[in-house]
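Welcome, and thanks for taking a look at this one with me. Please open the structure below and keep it beside you while you read.

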Amino acid sequence: MDLQLDGNTALVMAASKGIGREIATQLAAEGAHVAISSRSRENLEAAREYIVETAGVGPDVVTLVPCDLSDPDAIRPAVENAIDELGGLDHLITNHGGTTPKRFNEATIEEFDEQYTSILKSTIIVIKAALPALEASSGSMTHIVAATALEPPEGLIFTSTIRSGIFGLSKSIANEHAADGIRSNCVCPRSVHTGRIESKTEMIAERDDVPFDELMQERKDALPVGRLGSPEEFARTATYVASPAAGFLTGTVVPVDGGWSRKAF
Ligand SMILES: NC(=O)c1ccc[n+]([C@@H]2O[C@H](COP(=O)([O-])OP(=O)(O)OC[C@H]3O[C@@H](n4cnc5c(N)ncnc54)[C@H](OP(=O)(O)O)[C@@H]3O)[C@@H](O)[C@H]2O)c1
């Protein structure tokens with residue numbers, strides 16, 4: 001299938017590692033010029049090397065845009081700089097560093113504020129900054145959220161409350177900007193094997209005083225497929241959803257979770 005990405009431009013937030021880096025890699029492999037963003041220029045340089053090697057593209061295809069999503073003032077200039085460097089924008093992929101696993105009773109109001117700023121407010125600012133360019137290109141937005149925001153388990157209060165706001169944000173934009181040709185969708189991972197899965201499992205192991213290996217096994221057992229997903233598997237779906245080949249897909253939520261979400265619809 002031709003994803004019709006050749007010659008397109010894409011900005012991928014939180015893309016120096018894991019899921020974001022893999023989406024940027026696949027977009028580049030399909031012929032897009034990508035801008036990748038994260039807090040660390042050093043990590044972005046390493047990601048560019050990975051993308052160049054894995055996607056078989058030249059280094060000029062990958063633009064680096066350092067930006068800390070927890071700093072609201074830094075976001076608009078970074079997004080505008082990315083769009084200038086790319087010469088426009090066809091596809092925006094919003095993504096984050098993730099939430100801290102906490103139960104409601106453990107979470108302070110200050111932490112709610114911090115997580116709101118770095119997850120939901122940052123997404124709103126990224127979209128505000130990118131919207132004029134996406135209107136000009138009739139482009140797409142693809143938001144990386146979390147399957148746990150669809151079916152909140154215990155101990156992930158920030159995902160259940162703050163991340164889930166991205167669903168409503170995406171749906172509203174899909175409705176309000178369909179006439180501009182803009183599509184907006186969410187893609188939801190669960191247990192995709194990245195560095196974050198390792199570190200988050202370590203955090204929960206420490207918090208709950210449970211052995212790491214036991215938690216990892218529980219994680220696999222909770223998936224009907226019985227194994228973790230790979231970043232490449234996840235990114236293939238996200239890249240398709242972002243691409244013009246998915247032109248009739250908008251305002252929806254796509255879990256990529258090995259069957260973890262149990263609801264029938
Ligand atoms: N993997 C899964 O199964 C899974 C499941 C549910 C939800 N998610 C969510 O999907 C997102 C990506 O997860 P992942 O597994 O790919 O994580 P990852 O491998 O840890 O990658 C996280 C990325 O976020 C960047 N980042 C962290 N804090 C940032 C900040 N304040 N501003 C800008 N960039 C920042 C990191 O780059 P720097 O360190 O260079 O800044 C890195 O590139 C996360 O929000 C995660 O919670 C993942």
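1. Some ground rules to begin. This is a predicted model, in which local features need pLDDT of at least 70 and side-chain atom pairs count only at pLDDT 80 or more, while totals for chains, interfaces and linings use all residues. Residues are numbered from 1 along each chain as its sequence is written.

2. Let's start at the ligand, which 29 residues surround; the closest are Gly18, Arg39, Gly97, Gly98 and Arg196. The shell is made of nine nonpolar, 15 polar and five charged residues. Here Ala, Val, Leu, Ile, Met, Phe, Trp, Tyr, Cys and Pro count as nonpolar, Asp, Glu, Lys and Arg as charged, and the others, Gly among them, as polar.

3. Two helices, α1 (18-29) and α7 (195-208), each give the shell at least two residues. Helices are DSSP runs (H or I, at least four residues), numbered from the N terminus. The 14 residues of α7 reach 20 Å from first C-alpha to last, close to the 20 Å expected at 1.5 Å a residue; the expected span is 1.5 Å times one less than the number of residues. Just after α7, Asp209 has a positive phi of about 55°.

4. Now follow α7 to its partner α8 (residues 212-221): the two pack at an angle of about 120°, with axes 9 Å apart. Axes are lines fitted to C-alpha atoms, for helices over the stretch in contact, and angles run from 0 to 180 degrees between N-to-C directions. The pair is therefore oblique, the class left over once angles under 35 degrees are called roughly parallel, over 145 roughly antiparallel and 65 to 115 roughly perpendicular. Thr201, Glu202, Ile204 and Ala205 of α7 meet Phe212, Leu215, Met216 and Arg219 of α8, where contact means C-beta atoms, placed from the backbone, within 7 Å. By class, this contact has five nonpolar, one polar and two charged residues.

5. Next, α3 (residues 72-86) packs with α4 (residues 109-137) at about 35°, their axes 9 Å apart. Among the contact residues are Ile75 and Val79 of α3 and Ile125 and Ala129 of α4. The contact includes nine nonpolar, two polar and three charged residues.

6. Finally, how do α4 and α6 lie relative to each other, roughly parallel or roughly antiparallel? The axes of α4 and α6 (residues 165-176) come within 10 Å and cross at roughly 20°, so the two are roughly parallel. Leu120, Thr123, Ile124 and Ile127 in α4 meet Gly165, Ile166, Leu169 and Ile173 in α6. This contact has six nonpolar, two polar and no charged residues.

Technical notes:
A residue is near a molecule or strand if its C-beta atom, placed from the backbone, lies within 6 Å of it. Two residues are in contact if their C-beta atoms, placed from the backbone, lie within 7 Å.
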